[in-house]
Amino acid sequence: MSQLDDDVRWMRLALGEAAKGQGAVEPNPMVGAVLVRDGQPIALGHHERFGGPHAEIVALRRAGESARGATLYVTLEPCCHHGKTPPCTDAIVAAGIARVVAAIGDPFPAVNGGGLAALAAAGIPARAGCLADEARELNAPYWKRLTSGRPYVVAKWAMTLDGKTAAASGDSRWISSEASRRRVHDLRGRMDAILVGIGTVVADDPQLTARPPGPRRPLRVVLDAAARLPDDGYLVRTAREASVLVAVTDRAAAVDRGRLRSAGCEVVAFPGDGPVPIGGLLDELGRRGMTNVLVEGGGRVLGSFLDAGEADAAEVFIAPILEGGDHPRTAIRGAGRVRMSDAIRLREIQVERIGDDTLVRGRLPQPWRIRAGFATD
């Protein structure tokens, strides 16, 4: 086996380690590390939680003195600055690591090539580029936030085989199976925010929580231009227990803004008398350090994100049932596309059976990906 084959083998193991931090490390990136000596792994580590030790440090501590002379495989360039933790480059040099292979450089301004340069200056051969595309995809939300200032948006919906998200009456409980709903709760528990429109709140009175709780406690966000969120709904009644942000525009009367604030909701106002601007809202969530946002509907809200070009990925749960009605309760509405050839085509599609349901996952092409150095769409 060649050196390149060995590098790919161990980097793939490091990427698997990195993924274990999903939902717990944001707004930091997921990072994994593997220490190898004489063709054998001697220690693995990953960044386990925000503010905790980085993957390299975890692996070095586990290896102890046996790290001396080993090769370090790490999915992201080691940091070289003082943040919440000391520089990883100092620890790598002190441990006597012989060689460092990184998947990709870190675009964070305080690093951005400085980590590899510091290692090289200390006499440690260090390079990036091993499984770079896979490493970028793993941390696509991190790249988007650094590139655009906005969080990564996952559009999620459940629908019947004939494309309906509810019956004509509005009833939608339940389209997907219990197993699919458990998967949704797992997804919610890794998000910084869960977002719906006022129509969904009025129709379904949702909780917008992860049950059981996941590693994150997402902010509950409602697009509600006119501040119609009802006082007797679950979101308002529990606003002091789990945060609720109500995005309004100039259409919202002062008395209704005050009513919601008095109940414990945070009201964020955007100028204009139209719908809440998607870009402006994402800028606000990005300023709050959010990395992942789940948009759960309804159809007009999901359509507004697609029309604005701000959906990054889709998670679609398809149930093997037929509703058959002649009504507009479909997953995505909005302006749509005039020609089918202009329709958005998902990339990197994954299909999974969950009981009788089918989960289709994929990502949408986005301009920020090209700017961030991702593979061309």
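**Sheets, helices and cores in a predicted model**

Strand 3 (residues 71-74), helix 3 (residues 88-94) and strand 4 (residues 99-102) form a β-α-β unit that is right-handed; helices (H or I, at least four residues) and strands (E, at least two) are DSSP runs, numbered from the N terminus. A crossover counts as right-handed if, with the strands pointing away from the viewer, the path from the first strand over the helix to the second runs clockwise. The model is predicted, so local features need pLDDT of at least 70 and side-chain atom pairs count only at pLDDT 80 or more, while totals for chains, interfaces and linings use all residues. Residues are numbered from 1 along each chain as its sequence is written, and side-chain values use heavy atoms, with hydrogens and water left out.

The strands of this unit belong to an open sheet of five strands with mixed pairing, in the order 2-1-3-4-5; two strands pair if DSSP finds at least two bridges between them. Strand 2 (40-46) and strand 5 (126-128) are the edge strands, each pairing on one side only. From one strand to the next, the twist averages 15 degrees. Angles run from 0 to 180 degrees between N-to-C directions, and axes are lines fitted to C-alpha atoms, for helices over the stretch in contact.

Working across this sheet, strand 1 (residues 32-37) and strand 2 are antiparallel and share six bridges, with Ala 33 having Gly 45 of strand 2 as its bridge partner. Helix 1 (residues 3-19) packs on the sheet, where it touches strand 1, strand 2, strand 3, strand 4 and strand 5, and its direction makes about 140 degrees with that of strand 1; contact means heavy atoms within 4.5 Å. Helix 2 (residues 55-63) lies across strand 1, strand 2 and strand 3 and runs at about 135 degrees to strand 2. Strand 1 is also joined to strand 3, antiparallel, by four bridges, and Leu 35 stands opposite Leu 72 of strand 3. The pairing of strand 3 with strand 4 is parallel, again over four bridges, and includes Tyr 73 with its partner Val 101 in strand 4.

How do the side chains of strand 3 divide between the two directions? Thr 71 and Tyr 73 point one way, Leu 72 and Val 74 the other, and all are buried. Here buried means under 20% relative accessible area, exposed over 50% and partly exposed in between, with a 1.4 Å probe and protein chains only. In a regular strand the side chains alternate between the two faces of the sheet.

The largest nonpolar core has 47 residues, of which Met 11, Leu 35, Leu 72, Ile 92, Ile 97, Val 100 and Trp 143 touch the most other members. Such a core is a set of buried Ala, Val, Leu, Ile, Met, Phe, Trp, Tyr and Cys residues joined through side-chain atoms within 4.5 Å. Leaving aside neighbours within four places in sequence, the contacts of Ile 97 are Leu 35, Leu 60, Ala 67, Ala 70, Leu 72, Ile 92 and Ile 124. A second, separate core of 33 residues includes Val 221, Leu 223, Val 316 and Val 360.

Strand 9 (residues 244-249) has six of its six residues buried. Val 244, Val 246 and Val 248 point one way, whereas Leu 245, Ala 247 and Thr 249 point the other. Strand 8 (residues 219-223) runs parallel to strand 9 and is joined to that strand by four bridges, with Arg 220 opposite Val 244. Five bridges link strand 9 with strand 10 (residues 266-270), also parallel, and Ala 247 has Val 268 of strand 10 as its bridge partner.

Turning to helix 6 (residues 140-148), its buried residues are Ala 140, Pro 141, Tyr 142, Trp 143, Lys 144 and Arg 145. Their cover includes helix 5 (132-138), strand 6 (152-160), strand 11 (292-297) and helix 13 (367-371). Gly 149 follows helix 6 with a positive phi, near 80 degrees.

The structure holds zero disulfides.

Key: Disulfide = S-S within 2.5 Å.
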